[in-house]
Amino acid sequence: MASTATEVDAVELAVMSSRFEGIVRQMENTLLRAARSTTLAISRDFSCSLATADGDLIAVGEGLPVHVYGASLLNQAMLEAHPVVQEGDAFLHNDPYTGGTHAADYSLIVPVFIDGEHMFTAIAKGHQADIGNSIPTTYMPHARDVYEEGALLFPSVKIQESYEDVADIIRMCQRRIRVPEIWYGDYLAQVAACRVAERSLNEFCSRYGREKVVAFLEAWFDYSEIRCQEAIRELPAGHIEARSHLDPFPGLPDGLPLMADIDVDNTTGTVTIDLRGNADCLPVGLNLSEATAVNGVIAGTLYVVNSQRESRTPRVEFNAGSFRCFDVKIRENCCVGIPRFPRSCSMATTTISERLFPLVFYAFAELVEGWGAAEPCYGHPPCFGVVSGYDPRKGSDYIAQLFNGTAGGPATAESDGWLSLVAINCNGLLYRDSIEVDEAKYPLIITQSQIRPDSEGAGRTRGAPGNLCEYGPLLDEMRVHYQMEGIVHPARGVRGGDGPTVCSAAVVGPAGGVTERPEAVAAVDLQPGERILSRSAGGGGYGSPLERDPDLVLTDVRERYVTLGRARDAYGVVITGDPDRFETLEVDRAATSELRAGRLG
């Protein structure tokens with residue numbers, strides 16, 4: 001942005017930054033209310049953000065971390081493809097090779113003009129129910145390249161001009177996508193979100209004047225940078241070698257080692273993260289896009305600095321000013337870097353991405369007591385599966401991404417894991433589906449959804465437990481695609497904490513017989529009467545379980561998170577009373593002290 005002598009005081013800085021956040025929330029509310037798919041309208045697998053015309057991220061609202069980094073990359077892709085943009089334009093982008101996350105995330109990019117000049121960019125990104133893949137799922141871990149993946153790619157393609165749809169692009173999508181009416185409804189919701197932002201930004205600039213807004217943006221980014229520098233100065237200085245290992249996957253029989261070399265400079269308040277030592281692009285669909293690679297380690301570090309309750313520094317903002325404090329080194333043709341076309345990035349928002357976030361905060365936890373967190377749940381078992389089939393009630397096909405369970409969040413030094421985390425790179429912002437809405441919209445029945453007892457990683461603070469979910473087709477055959485992870489290399493507890501149980505899946509027959517499904521990646525065809533049983537993982541624990549407050553263990557037993565046997569075996573807590581009458585349960589203090597003393601001795 002051009003410099004100006006106009007000054008912005010502290011009150012104006014607070015008010016104007018809140019107003020930008022408010023505009024993003026207007027976008028989110030519009031998209032949430034107008035979307036047609038359950039993926040967007042119920043589960044909120046979408047994000048909205050505002051950037052400058054140069055692509056500097058201003059505000060993200062409740063955007064998923066894995067979604068919102070990369071505004072500069074999207075903006076750059078738009079301007080490289082269309083050096084001249086005009087008011088009323090809108091661009092469709094899902095190309096992971098030029099700033100997108102993965103092909104399933106469609107971004108609607110709108111240049112916003114103030115007094116005839118492109119001053120802002122509004123972005124609404126949403127995970128689609130279907131994207132034209134060769135099989136009915138948006139996740140293709142087997143895909144050797146983008147051609148085998150089969151998705152339509154839109155590298156910043158103009159989809160609106162003078163506020164009117166480009167009909168050719170719309171027809172192309174409607175012909176290729178399996179549920180065209182669902183896609184078009186979601187597309188219109190994204191358009192509406194960006195146009196709401198366009199109107200509100202014009203009102204905002206009309207009120208404050210262009211010069212004042214420009215001055216605010218400069219001051220806001222500078223202020224955010226200073227706050228981030230102050231927070232980084234509280235981190236332990238020096239060099240950290242963060243390491244993890246992905247499970248075996250189709251095409252990767254030995255799994256994949258993952259690394260990040262982290263250098264914290266306390267004098268400048270900067271962090272350098274080197275990802276260049278990771279493997280070259282893989283002949284499978286697990287490669288990260290540039291946006292997801294860089295986002296993972298920046299968000300992982302911000303997770304550390306923002307989770308320290310004793311910190312003297314206020315919360316660090318997630319914007320371009322804060323990003324100035326990070327130097328992420330990546331290379332081309334790297335599975336954790338810049339992908340080389342046509343290697344597939346179908347899974348770029350899951351799997352490796354979900355390992356990358358905790359790669360950072362687990363390393364800090366290992367380094368210094370009180371920092372970071374244990375590892376979260378890994379994998380997308382059937383409760384997060386993609387279901388498809390034919391609905392005889394409507395006489396049409398259906399396809400949907402389900403979010404019918406939870407997965408356990410990791411423990412930190414100060415708190416137990418977040419129960420409804422779902423995926424660490426979404427930071428708990430995804431919502432669970434409504435069982436009633438899913439059963440009304442799709443020909444399926446959900447017969448079980450509950451906490452999975454004894455699935456947490458035990459610790460002084462414990463990981464959150466996982467989930468048990470069971471569902472199946474109601475009227476006709478249903479196909480379920482899912483991919484599990486963290487089985488061979490499960491989530492780890494930290495500083496004496498235990499790891500959690502792992503994901504698993506089984507098919508339940510009409511007579512109740514259970515057939516285990518050991519495959520990490522599977523497509524299961526279910527007949528009416530059959531159900532798939534999903535067991536999601538918990539999160540890792542932090543610190544020794546023998547140091548956990550016995551009263552907290554008692555609460556966990558009463559909440560049915562852990563059983564009486566696990567309370568004794570994992571935590572060394574003896575609880576007496578009738579297990580069927582929770583009000584009678586109480587801690588036997590003497591027996592607990594004796595048991596713990598014997599184990600510690």
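Which residue takes a positive phi in the hairpin of β12 and β13? I found Gly-395, with phi near 70 degrees, in a hairpin that has four residues between the strands.

A note on the ground rules: I am reading a predicted model, where local features need pLDDT of at least 70, side-chain atom pairs count only at pLDDT 80 or more, and totals for chains, interfaces and linings use all residues. Residues are numbered from 1 along each chain as its sequence is written, and side-chain values use heavy atoms, with hydrogens and water left out.

**Strands.** I took strands (E, at least two residues) and helices (H or I, at least four) as DSSP runs numbered from the N terminus; two strands pair if DSSP finds at least two bridges between them. Strand β12 (residues 386–391) runs antiparallel to β13 (residues 396–401), with six bridges joining them. Val-386 sits opposite Gln-401 in β13. I also traced β12 to β16 (residues 478–483), an antiparallel pairing with four bridges, where Val-387 stands opposite Val-480.

**Cysteines.** I looked for disulfides (cysteine sulfur pairs within 2.5 Å) and found zero. The sulfur of Cys-194 is too far for a bond, because the closest cysteine sulfur, in Cys-48, is 6.8 Å away. Cys-503 is in no disulfide either, and the nearest cysteine sulfur, that of Cys-377, is 7.1 Å away.
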